[in-house]
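Please find below a colleague's note on the structure under review.

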Amino acid sequence: MMLNFNEIQEKIYEYGSIINAPKGALKIYPSPQSDGTPYIQISNNEYLYIVEERGMELERRITANIDVLLYWIVSDVIFFLASQYELENRAEGFDSRRLIFKKEIELFKVLKKDWANITEIRINKILEEAPYND
């Protein structure tokens with residue numbers, strides 16, 4: 001069963017409350033904001049996750065799986081939180097991604113083990129192509 005936009009928003013608020021994300025970072029949109037903020041559309045029994053900036057579509061992901069869509073949305077929130085954490089705890093001489101990636105995995109583990117595993121795989125792929133530089 002497909003969730004409607006309001007039900008998706010409620011799920012995101014629920015996840016956000018678990019990881020103490022600011023409510024403003026949890027707002028999802030049903031239409032372009034023209035500033036690169038992702039928005040969600042539901043069409044033909046599929047969820048569309050679209051990033052558009054100044055009328056130019058930069059990214060479009062499509063899934064029929066609500067868990068996949070929720071992961072995409074929560075990933076943005078967690079990256080924001082992890083980046084803030086790194087900024088507040090920056091260690092000179094270390095690749096900033098060390099703290100960001102560690103915090104991302106930590107936050108995903110609080111929400112869903114499967115999401116943490118997906119994130120670890122994604123991070124490992126990134127590090128294969130672009131190892132830490134510190």
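This is a predicted model: local features need pLDDT of at least 70, side-chain atom pairs count only at pLDDT 80 or more; totals for chains, interfaces and linings use all residues.

1. Sheet architecture. An open sheet is formed by 3 strands in the order S1-S2-S3, with antiparallel pairing. Its edges are strand S1 (39-43) and strand S3 (56-63), each of which pairs on one side only. On average, neighbouring strands of this sheet are turned by 25 degrees against each other, direction ignored. Strands of a sheet pair through backbone hydrogen bonds, in either a parallel or an antiparallel manner.

2. Pairing of S1 with S2. These two strands run antiparallel and are joined by 5 bridges. Within this pairing, Ser43 stands opposite Glu46 in S2. The hairpin of S1 and S2 has 2 residues between the strands, and Asn44 there takes a positive phi near 50 degrees.

3. Pairing of S2 with S3. Strand S2 comprises residues 46-53 and pairs with S3 over 7 bridges, in the antiparallel sense. Two facing pairs may be cited: Leu48 stands opposite Ile62 in S3, and Tyr49 stands opposite Arg61 in S3. In the hairpin of S2 and S3, 2 residues lie between the strands, and Arg54 takes a positive phi near 50 degrees.

4. Helix on the sheet. Which strands does helix H2 touch as it packs on the sheet? Helix H2 (residues 66-88) touches S1, S2 and S3, and its direction makes about 25 degrees with that of S2.

5. Largest pocket. The largest pocket holds about 240 Å³ of space. Its lining consists of 14 residues, and those nearest its centre are Ala25, Lys27, Pro38, Asp76 and Val77. H2 gives the most to this lining, with 4 residues. By class, the lining of the largest pocket divides into 10 nonpolar, 2 polar and 2 charged residues.

6. Helix pair H3 and H4. The axes of helix H3 (residues 97-111) and helix H4 (residues 113-129) come within 6 Å and cross at roughly 160 degrees. Because angles over 145 degrees count as roughly antiparallel, H3 is roughly antiparallel to H4.

7. Contact between H3 and H4. On the H3 side, the contact involves Arg97, Phe101, Glu104, Ile105, Phe108, Lys109 and Leu111. These meet Lys113, Trp115, Ala116, Thr119, Glu120, Arg122, Ile123, Ile126 and Leu127 in H4. How do the residues of this contact divide by class, and how many are charged? The contact of H3 with H4 has 9 nonpolar, 1 polar and 6 charged residues.

Conventions:
Residues are numbered from 1 along each chain as its sequence is written. Side-chain values use heavy atoms; hydrogens and water are left out. Two strands pair if DSSP finds at least two bridges between them. Axes are lines fitted to C-alpha atoms, for helices over the stretch in contact, and angles run from 0 to 180 degrees between N-to-C directions. Contact means heavy atoms within 4.5 Å. On a 1 Å grid over the protein atoms alone, a cavity is a set of points where a 1.4 Å probe fits but cannot get out, and a pocket is an open set with protein on both sides within 12 Å along at least five of seven lines; lining residues have an atom within 4 Å of a point. Grid points are joined across faces, edges and corners, and a volume is the space filled by probe spheres set on the points. Ala, Val, Leu, Ile, Met, Phe, Trp, Tyr, Cys and Pro count as nonpolar, Asp, Glu, Lys and Arg as charged, and the others, Gly among them, as polar. Angles under 35 degrees count as roughly parallel, over 145 as roughly antiparallel, 65 to 115 as roughly perpendicular and the rest as oblique.
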